[in-house]
Amino acid sequence: MSGLPTETDGGPALGRFADNLKRIPRRFLETMFRGGRPDSDRGRSNFVFQNVFLHLHSVRTHRWSLKWSTTWGLGMITLGSFLVTVVTGVLLMFYYKPYPDVAYQSIKDIHFVVPTGHFLRNIHRWAANIMVVGVLLHMARVFFTASYRKPREFNWVIGMLLLPVTLGLSFTGYLLPWDQLAYWAITIGANIAQSPREVTDALGITQQFDPGGLQKLILLGSDEVGEEALIRFYLLHVLILPLVLCFLVAVHFWRVRKDGGLARPADVDVRLPPPERRTFPVFTEAPAKTYSLAAVVKSRTPAVGNPPENTVPSMPHLFYAEAAVFMLTIFLCVLLSLFIDAPLKEIANPLVPENPAKAPWYFLGLQELVAHSAFMGGIGIPMITLLGLALIPYLDREKAGTGLWFGGSGGGRLVAMSAAYGLAAVLVVEAVAIRFGWLQQWWPGCPQLLIILLNPGTVLTVLYGIWSVWVVKRFDSTRAGALGLFACFMAGFIVLTVVGTWFRGPNWEFYWSPSQWPGH
Amino acid sequence: MQANKHLLLWSSAGSLVVLVWAALTETIFAEWRQSQVHVAENLAGQPLDIQLRQIVVKELDATDRCISCHVGMAPGETGLPHDPVYGRHPAVVHEASEMGCTACHGGQGRATTRDDAHGNVAHWPEPMIPPRYFYAGCGSCHTHLEVPSQSSLEVGRRLFEQYDCLACHRIDGRGGTLRPGGAGGGEGPDISRIGTRGVPADWYDVHLRNRQLAAAGQPVGGLPWQVCFGEIPADHRGAIDAYLQSRIGAPGLLEAKALFHSLGCRGCHKENGVGGDDGPDLSFVGTKDPGQTDFRGVRGEKTVANWLAEHFRDPARVVPGSQMPALGLTEPQIELLTLYMLSLRRTAAPEALWPRDRVRALRLGGREFARDGATLYGTFCAACHGPAGEGRRYDPAAAPFPAIGNPDFLAVASDEFLVDTVTHGRPGRRMPAWGEKEGGLRPDEIREVVAFLRTLGGVRQEPDPKPRRWAKGDVAAGQRLFAASCASCHGPEGRGGEGLALRNPALLASATDTYLFETIRRGRRGTTMVAFGTGSPTQRALSPQEIEDLVTFLRTWEGKP
């Protein structure tokens, strides 16, 4: 409070009014943040828990969590890009019309006539891609630092739900421009949804029991991609999936907070360097009790009894970190949008298939497997993978290495070895399939059921499984097996995605470069 | 925290710079705005509203914003006079405000930047037609019917000039000018587009009557009718009619189609369901997607137009393994063919909007080629058998295509034999079947072709009183003779080599004994088939009995291919 007179000062009413008028900006800020300026430790705490948006954070943050290498900001990048898509998406909704053909024209209008519409659409597209990449890398980070372990098992499962929701959001958005790219990518996706029919056909029971057909019908509302599919995808994209995502994200963040913040190694205090010169007070007392539920029931919260905590006030340390990563995400989105346009081909034409018709890039690894067996590539293997991932925290009950990169038995060397093995396996299997074909070519009368069981995807899965079993035995550790398997799958995913993206041409044939695609 | 603060500062600053830059490029630096500012600055007279402009054609589902930059072509605007970019659109058959721009020119109508609108961007499969092929755009909707071969068209054009029609009429920017001496000229209408309305059937009668009236002193225009118009024989009138019918306000396009109907391209390529099957169907070659086109063998710019031109120069270089022979075309011919290829682009449009010619071509069986024998021969046969029936040989390693204009052949081949051969082809050899179900030619058209063939050799078929089969020679003797005299060319088993394959069921079924006998006796002048009846320095003459033995032996192959 400076030398301005206070309201108790006497004087004529008009003078008091003028004073009040002058004080408005300062008073406004004071009323907005209930605790006033956060210039004491208490003020900084108030700043956090008196604020509806910030109180999801802990008042104090461990210095380990603020190290860049702990998270590389990947969760925040994902959240940031999601917020960017929400804002740009809402703006795009002003002009977008979800009806076939009209949809395409409205995208053209957004691109060419709506002021900054072209830029907004680019940002939306880039943010969506960054979100997908962010989610995948965030998952890899949590896995490799063994942060899914007790008490964070359930939050890892929530994450496993968030992954398909994120992919679903991106995938449903893919159809909305209603161009050839969109139409045929979604046609591919819908056929994958239908792929259980491959199994029921092989068993000859499709007439009686057709889950694949039902799944496609639910997705498209029709036998092929049309106006019904468009409105469904639109609703999923702008309403249902965002709501589901917000709900899951809320649980996800709540659990991060309640499970005791980010995972840290047991000997974290030894590992941390001394604090920076200009750091706000570091907290070093182990609390005997906390004033939450501990006050009303007989229990302990994760904060009780921990050794000297090494925490700093979240305001400003954590908020600077979060704001920095958030702005970095925005910068990435706008920078990419300035130089690289979101694609838009000619209007969707159900009579002229794209060749090759490709799904969005993050599904191209699966499409690579789908080329052999739609069911295994599109449903079987992804389901096995997701289920396996979700179960990891319940199978790996070890303690060593929590919170450390490649922590646990085997460590970085095992990850490198597994990645090399995974890479070699996927390259060999792909090379054989590309050079010599597969069962269909070797034995034209081959029963479909055999191909479903024995295709590059299942062979690869089994090869990876064998490796992981061997690693479990070799290192006598479940964690080591998980590390090995995860590294293998990562190598496989990357290679298959790269092959699907850049080395597949018309009729899904292999080409070294698109310039070799037959043009005649 | 310091590192995070720096990250925050620089990311924010970077974002701000990008956003400001994006805002500027979206507004002040927008290409169309710059164009309109340029026009406004150079425009004398009334001011120009700087705004986004568009032509909306609901029926064609076109929203063309091209006029945002080409502002002089917008309805009610003048633009910069005589400027090809900012001036008015040259007068054409269609009014731009009714048709929009993309219907004819291609490109992306809704785009408002140059590259996007002209379609030279990734993911846009239909770029604009390059300026020098603009008239290919007619093919988006129109299918020109009954186009004669190049020579017929040329005959008509020459006659048109010989009869001095240009004295009064103007056509494609020529003629109708002042006469020497300064008096008169240009009395007749400009008939550059007379083909679009149809040439009046009675033009000759009207002209002739006017001339008589003028001679009688009637007030119909006087002098020009007497000095510039005279009688024209009927066949010349027909040629002139054909030429006038091709004047549709698209100079070059019908000449291009006429060339297509002279080089025999349809011998291998189908277009609109009529043609051979050896090459790809050409019906939509003008809409070839540059993104899906292999440009590795192409020199120069990477456009579909240049791809086509390069392909005509050397097919095998542009499409490795292509069967198409290098035709040795001149550059003007390549230019015309490229134009025609680009015009094969029939866009999908509701049938109610189809122009009459397209309805006739696609629904009512109208023919794109004129149905006289010369044009039919040029359209379907000339590529392999040569423009004058002289035969062709593209691949030195393969047998030549037969010289079907050879008088020795035509003297012994009956009309039925020729019709039969054209209709059913030669199974197992290059000659395809041209019947309605296969190549798509109708019986009357095949008869026209055969009649035209007769004129190539200049001989009639000699009458043959004998029955189809009469040879009753000695098979064993025939076999010995075949091995000695024929096998070196026709192959020991008669399956062909330098000479053609005689062991061919279709040939043996349609050839009469007289045909075989006479072919052996007379040979084929100008080919390696010598006249065995008279012999040659290396071949003794065969007696009629020996030739009959040979024919009898050939007959033993029937049913044993």
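Visitor: What percentage of the residues of chain A count as buried?
Guide: The model is predicted. A residue is buried if 20 or more other C-beta atoms lie within 10 Å of its own. Chain A has 520 residues, and the share that count as buried is 41%.

Visitor: In chain A, where is confidence highest?
Guide: Chain A has a mean pLDDT of 87, with 92% of its residues at 70 or more. Confidence is lowest in helix H18 (residues 439-442) of chain A, at a mean of 82. At 96, the highest value belongs to helix H5 (residues 74-93) of chain A.

Visitor: Which residues of helix H2 of chain A are buried, and why do they line one face of the helix?
Guide: The buried residues are Arg44(A), Phe47(A) and Val48(A). Seen down the axis of H2(A), they fall within one arc, so they line one face of the helix. That arc is 95°.

Visitor: What do the buried residues of H2(A) pack against?
Guide: Chain A has 21 helices and two strands. The buried residues of H2(A) pack against one strand and one helix of chain A: S2 (311-313) and H14.

Visitor: Which element gives the most to the side of chain A that touches chain B?
Guide: The contact takes 29 residues from chain A and 30 residues from chain B. On the chain A side, helix H6 (102-112) and helix H14 (314-339) are the elements that give two or more residues. With 12 residues, the one that gives the most is H14(A).

Visitor: How many residues on that side of chain A are nonpolar?
Guide: By class, the side of chain A that touches chain B has six polar and four charged residues. The nonpolar ones number 19.

Methods. Residues are numbered from 1 along each chain as its sequence is written. Chains are lettered from A and ligands numbered from 1 in the order in which they are written. This is a predicted model: local features need pLDDT of at least 70, side-chain atom pairs count only at pLDDT 80 or more; totals for chains, interfaces and linings use all residues. Two residues are in contact if their C-beta atoms, placed from the backbone, lie within 7 Å. Helices (H or I, at least four residues) and strands (E, at least two) are DSSP runs, numbered from the N terminus. Ala, Val, Leu, Ile, Met, Phe, Trp, Tyr, Cys and Pro count as nonpolar, Asp, Glu, Lys and Arg as charged, and the others, Gly among them, as polar. pLDDT is the predictor's confidence in each residue, from 0 to 100. A residue is buried if 20 or more other C-beta atoms lie within 10 Å of its own, exposed if 12 or fewer, and partly exposed in between; C-beta atoms are placed from the backbone. The arc is that of the directions from the helix axis to the C-beta atoms.
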